[in-house]
Amino acid sequence: FEIELKTDNYGSETSWEVTDPTSGVVASGDGYSSGTVYEAGNCIQNDVCTFKISDSYGDGMCCSYGEGYYKVWVDGVEKGDGGEFGDFEEVNLCTTPAPVTQ
């Protein structure tokens with residue numbers, strides 16, 4: 001898993017997490033400065049399915065207060081990108097189907 005993000009003018013409002021259905025949060029980031037590009041990477045299991053990026057103020061990362069964005073990849077394949085959202089946005093990262101629990 002790899003992420004690139006550029007914060008808007010209020011970088012401290014931005015946070016993200018990657019979760020799997022059984023263990024919960026397996027990677028996360030927050031405490032960002034404003035108007036800065038960040039890159040991070042973590043090894044994740046195949047059943048880790050959800051990337052969630054949040055803005056605590058509820059106005060996303062673009063475009064009212066700066067030109068923020070995010071991009072996420074798994075095994076070199078882009079799974080999602082964006083910046084225009086409200087409180088949060090989620091991206092499906094699954095490389096294999098998640099196990100079905102009954």
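Is cysteine 43 buried or exposed, and what is its relative accessibility?

Mentor: The model is a predicted one. Cysteine 43 has 84% relative accessibility, and the cut-off for exposed is over 50%, so cysteine 43 counts as exposed.

The bonded cysteines come next. A search of the whole structure finds 2 disulfides. One of them is formed by cysteine 49 and cysteine 94, with sulfur atoms 1.6 Å apart. This pair links distant parts of the chain, 45 residues apart. Cysteine 49 lies in the loop between strand E4 (37-41) and E5, and cysteine 94 lies in the segment after strand E10 (88-92). Both cysteine 49 and cysteine 94 are buried. The torsion about their S-S bond is about 55°, so this disulfide is right-handed.

The other disulfide joins cysteine 62 to cysteine 63, and here the sulfur atoms are 1.9 Å apart. This link is right-handed as well, with 70° about the S-S bond. Its two ends can be taken in turn. Cysteine 62 has a relative accessible area of 15% and is therefore buried. Cysteine 63, at 37% relative accessibility, counts as partly exposed. If the bonded cysteines of the chain are numbered in sequence order, the pairing reads 1-4, 2-3. Cysteine 43 is in no disulfide. The nearest cysteine sulfur to it belongs to cysteine 49 and is 17 Å away.

Now for the surroundings. The largest nonpolar core has 17 residues, and among those with the most contacts inside it are Phe1, Trp16, Val18, Phe51 and Leu93. At least two residues of this core come from each of the strands E1 (2-6), E2 (14-20), E5 (50-55) and E8 (69-74). E8 gives the largest share, 3 residues. In soluble globular proteins, nonpolar side chains tend to be buried together.

Strand E2 deserves a look of its own. Of its 7 residues, 5 are buried, so E2 is largely enclosed by the rest of the structure. E2 pairs with E5 in the antiparallel sense over 6 bridges, and with strand E3 (residues 24-29), also antiparallel, over 5 bridges. A hairpin of 3 residues joins E2 to E3. Tryptophan 16 has a bridge partner in each neighbour: isoleucine 53 in E5 and glycine 29 in E3. Valine 18 touches, leaving aside residues up to four places away in sequence, a list including Phe1, Val26, Val48, Phe51 and Leu93.

Methods:
Residues numbered from 1 in each chain as written. Predicted model: local features only at pLDDT ≥ 70, side-chain atom pairs only at ≥ 80, totals over all residues. Heavy atoms only, no water. Core = buried A, V, L, I, M, F, W, Y, C linked by side-chain atoms within 4.5 Å. Buried < 20%, exposed > 50% of the residue type's maximum accessible area, 1.4 Å probe, protein only. Helix = DSSP H or I, 4+ residues; strand = E, 2+ residues; numbered from the N terminus. Contact = heavy atoms within 4.5 Å. Pairing = 2+ DSSP bridges. Disulfide = S-S within 2.5 Å.
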